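I opened this entry to work through the model part by part. My notes follow the display.

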2 protein chains.
Amino acid sequence: MNKFEKAQQILQEINADGWLIVVNEDNDIHSRYLLGVGSHALHAILIAADGNHKVFPVVMEANMVKNSLKKKGVDAEVIPFNSLSEFVEKLKNFVSKPKIALDFGENIFQENTTSYADYIPFGTYSALKKLLPTTEFISAAPIIYELRSVKSAEELEDLRNVCKATIELLETVPDFAKIGMTEREVMAKLEYEYAKVGKPAFPAIVGTGEHSADPHHNSSNEKIKPGPLLIDTGMQIDEMCSDITWTYWVGNNPSEEFKNAYNALYESKIIANKYYTDGTPSRLPAVKCREYLAEKGYDHEKLFFHGLGHALDFEAHGVGPRVSSKAPEYSILKENMVYTNEPGLYWIGKWGIRLEDDLIVGKEKCEQVTYNPKDPLVI
Amino acid sequence: MNKFEKAQQILQEINADGWLIVVNEDNDIHSRYLLGVGSHALHAILIAADGNHKVFPVVMEANMVKNSLKKKGVDAEVIPFNSLSEFVEKLKNFVSKPKIALDFGENIFQENTTSYADYIPFGTYSALKKLLPTTEFISAAPIIYELRSVKSAEELEDLRNVCKATIELLETVPDFAKIGMTEREVMAKLEYEYAKVGKPAFPAIVGTGEHSADPHHNSSNEKIKPGPLLIDTGMQIDEMCSDITWTYWVGNNPSEEFKNAYNALYESKIIANKYYTDGTPSRLPAVKCREYLAEKGYDHEKLFFHGLGHALDFEAHGVGPRVSSKAPEYSILKENMVYTNEPGLYWIGKWGIRLEDDLIVGKEKCEQVTYNPKDPLVI
């Protein structure tokens with residue numbers, strides 16, 4: 001079943017007539033997710049409960065979109081447009097149905113937010129509302145959640161493949177990364193390899209020295225120096241992204257502080273892994289991980305200031321329950337959800353370590369798909 | 001004057017109290033534009049008319065944001081938050097002012113659209129509206145337009161630099177691109193060079209054979225074969241993006257058809273260039289370009305099915321009047337706007353050519369910043 005057919009089935013379940021995605025310049029990931037190709041112009045996609053799916057690309061992208069849908073085995077009518085007014089006219093004619101789902105989130109500032117569905121810009125929403133005054137618009141969050149949170153066998157196979165390729169590359173870092181190279185140069189090398197077969201899942205984080213303590217550091221022109229070198233990177237080949245962090249040691253011998261923190265994180269990750277199981281509250285892996293770090297004497301409230309992980313799918317930050325000690329009790333993991341497990345310890349202005357692996361939530365136990373080295377690799 | 005100060009000045013001109021940007025996961029380019037660093041988590045930026053600018057990053061990004069603002073010489077208070085509820089509380093306390101600009105567009109489905117400002121998702125807008133019921137929200141379009149459409153001397157210098165680096169790389173393509181390499185491998189090589197000093201402005205389009213006829217082709221695993229090879233690529237080092245297309249010929253001798261189309265496009269580009277001048281209707285360069293192509297016997301309505309170019313700034317598709325034969329008469333070019341000039345001719349399913357250069361709109365004549373080769377480079 002392709003994604004259009006799966007979404008159609010969900011539409012029938014929730015009694016909606018269609019799922020409409022209106023995109024201008026790459027601002028909704030679900031366009032590439034559905035079309036299989038990146039469209040960089042105004043366009044719309046209508047998945048219809050009755051199976052009469054339609055895609056409205058601009059003329060200059062029509063051939064590209066048609067070819068991609070054909071490759072994906074999607075049966076959808078492609079209706080190109082030449083001008084904004086023609087696009088609007090076509091939307092009006094084909095989309096004025098009683099109940100249409102749009103990509104917007106609800107309860108954005110509350111615990112039960114569906115912010116993962118929040119894409120359509122306010123101006124575009126308002127224009128649609130005016131164009132189709134009798135249509136009831138509902139949030140597409142349930143569709144997106146069902147499509148993306150629990151993975152199919154094919155998606156899991158894609159995950160294993162992309163993770164294997166990423167790990168093989170991380171193993172080669174000590175062969176090419178040298179003192180004096182810039183962080184960007186290391187990032188460039190990784191992304192060069194990705195681009196040959198796929199694409200970076202996100203801009204690689206390469207952090208030397210004190211930059212390793214900024215979890216979302218933007219790789220810079222700073223030269224690699226002795227001490228910790230944190231690399232957080234992932235790629236996408238087919239449907240799934242990898243997202244892996246290794247922390248290397250640059251120079252002769254890792255310091256005792258570094259080795260101790262590394263070992264504590266390595267062990268805490270193994271402990272957390274035990275709780276990535278079907279039916280378990282999604283806060284439990286993080287709670288258990290933090291308990292262990294506290295036992296080892298780390299002030300985790302201060303030093304580990306982010307969630308334990310996140311869902312992983314077509315995007316590096318995917319759709320699924322929050323994996324954090326602050327997640328509510330009712331938030332539950334399910335078999336074949338895919339997560340990162342990424343505890344970290346950071347001394348701001350000094351250095352940090354994060355060890356991040358990817359895993360598949362299992363019935364009794366998780367399938368760990370990637371493995372950080374037990375001892376830090378030395379560069 | 002840094003961007004915070006410039007935006008503050010505009011706020012005073014339009015009698016608004018602040019410009020608020022609320023971002024979740026990279027969904028508003030103006031965050032990186034203002035902060036100078038990519039934030040990949042929920043955060044908010046308030047530029048205040050009274051100068052009390054504030055940035056609300058999540059704790060894990062606070063140090064990174066602080067350092068970037070310091071480097072940029074921005075005087076703004078950084079107020080980190082630990083949880084969603086803390087973020088919401090802080091927004092409520094600091095942002096409840098009478099009149100706040102948000103990044104949404106107006107008239108999205110009409111000719112005079114400000115879709116270039118349409119970023120804030122509908123769900124986020126609704127939550128803000130509920131949180132700050134007495135605040136009047138206006139569109140930030142006038143602020144964005146004034147900040148981005150006409151360039152400063154520093155931005156123009158950045159443009160010249162990034163264009164020079166991109167052209168130097170395009171000149172080397174015949175040295176490394178070979179028959180049998182995949183499109184992705186060529187893209188990977190280009191982006192490898194970009195990543196060492198900056199970043200790709202957008203995913204490079206490398207189209208061999210019939211792929212050259214899809215203007216927004218996604219580089220694929222297709223192997224380069226004899227015939228046209230279209231490369232549309234750009235990079236960003238500092239503030240400005242380059243965006244350049246060269247069409248090469250792979251194999252022994254370019255066909256007569258190819259050479260004729262190449263020459264016609266090359267000449268049409270020179271003609272269009274004459275009209276990228278201050279005070280000129282923005283449709284004129286495209287009208288004149290199309291007139292020339294028609295003279296040369298090309299059915300431009302059918303074969304050249306996109307606009308002549310677009311504004312170029314911090315993004316490859318930047319902010320400024322539309323440069324298209326369909327743009328309205330009241331839409332006027334101004335000195336120091338930056339544009340692409342990119343006529344193309346495409347025979348769908350066969351092959352296409354596009355020649356794209358970047359230029360600065362001038363008082364009497366434009367400054368052409370990049371130059372396509374007069375004769376196609378042969379690989």
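This is a predicted model: local features need pLDDT of at least 70, side-chain atom pairs count only at pLDDT 80 or more; totals for chains, interfaces and linings use all residues.

**Domains of chain A**

I looked up the domain spacing: the C-alpha centres of domain 1 of chain A and domain 2 of chain A lie 33 Å apart. Domain 1 covers 3-148 and domain 2 covers 153-368 of chain A. These bounds come from an automatic or database domain assignment. I then checked the contact between them, where domain 1 of chain A gives 7 residues and domain 2 of chain A gives 6 residues. I count two residues as in contact if their C-beta atoms, placed from the backbone, lie within 7 Å. On the domain 1 side, helix H2 (29-35) and helix H6 (141-148) of chain A each supply at least two residues. For the classes, Ala, Val, Leu, Ile, Met, Phe, Trp, Tyr, Cys and Pro count as nonpolar, Asp, Glu, Lys and Arg as charged, and the others, Gly among them, as polar. Helices (H or I, at least four residues) and strands (E, at least two) are DSSP runs, numbered from the N terminus.

Residues are numbered from 1 along each chain as its sequence is written, while chains are lettered from A and ligands numbered from 1 in the order in which they are written.

**Chain A against chain B**

Next I took the interface. In it, 51 residues of chain A contact 51 residues of chain B. Helix H3 (59-72), helix H4 (84-95), helix H5 (122-131) and helix H9 (183-197) of chain A each put at least two residues on the chain A side. H9(A) gives the largest share, 8 residues. The chain A side holds 25 nonpolar, 16 polar and 10 charged residues.

I superposed the copies by least squares on the C-alpha atoms of residues with pLDDT of at least 70 in both. A rotation of 180 degrees with 0.0 Å of shift along its axis brings chain A onto chain B, at RMSD 0.0 Å. The two copies are therefore related as by a two-fold rotation axis. Both use the same surface: 100% of the contact residues of chain A recur in chain B.

**Phe56(A)**

Is Phe56(A) buried or exposed? Phe56(A) counts as buried because it has 23 C-beta neighbours inside 10 Å. The cut-offs are 20 or more other C-beta atoms within 10 Å for buried, 12 or fewer for exposed, and partly exposed in between, with C-beta atoms placed from the backbone. Phe56(A) sits in strand S3 (residues 54-56) of chain A. Leaving out residues up to four places away in sequence, Phe56(A) touches His43(A), Ala44(A), Ile79(A), Phe81(A), Phe87(A), Lys90(A) and Leu91(A).

**Strands of chain B**

I finished with two strand pairs; a pair needs at least two DSSP bridges. S8(B) (residues 205-208) and S9(B) (residues 227-233) run antiparallel over 4 bridges. Ile205(B) has Asp232(B) as its bridge partner in S9(B). From S8(B), Ile205(B) and Gly207(B) point one way and Val206(B) and Thr208(B) the other, all buried.

S13(B) (residues 344-347) and S14(B) also pair antiparallel over 4 bridges. Tyr346(B) stands opposite Gly352(B). The two strands form a hairpin with 3 residues between them, and Gly349(B) in the turn has a positive phi of about 85 degrees.
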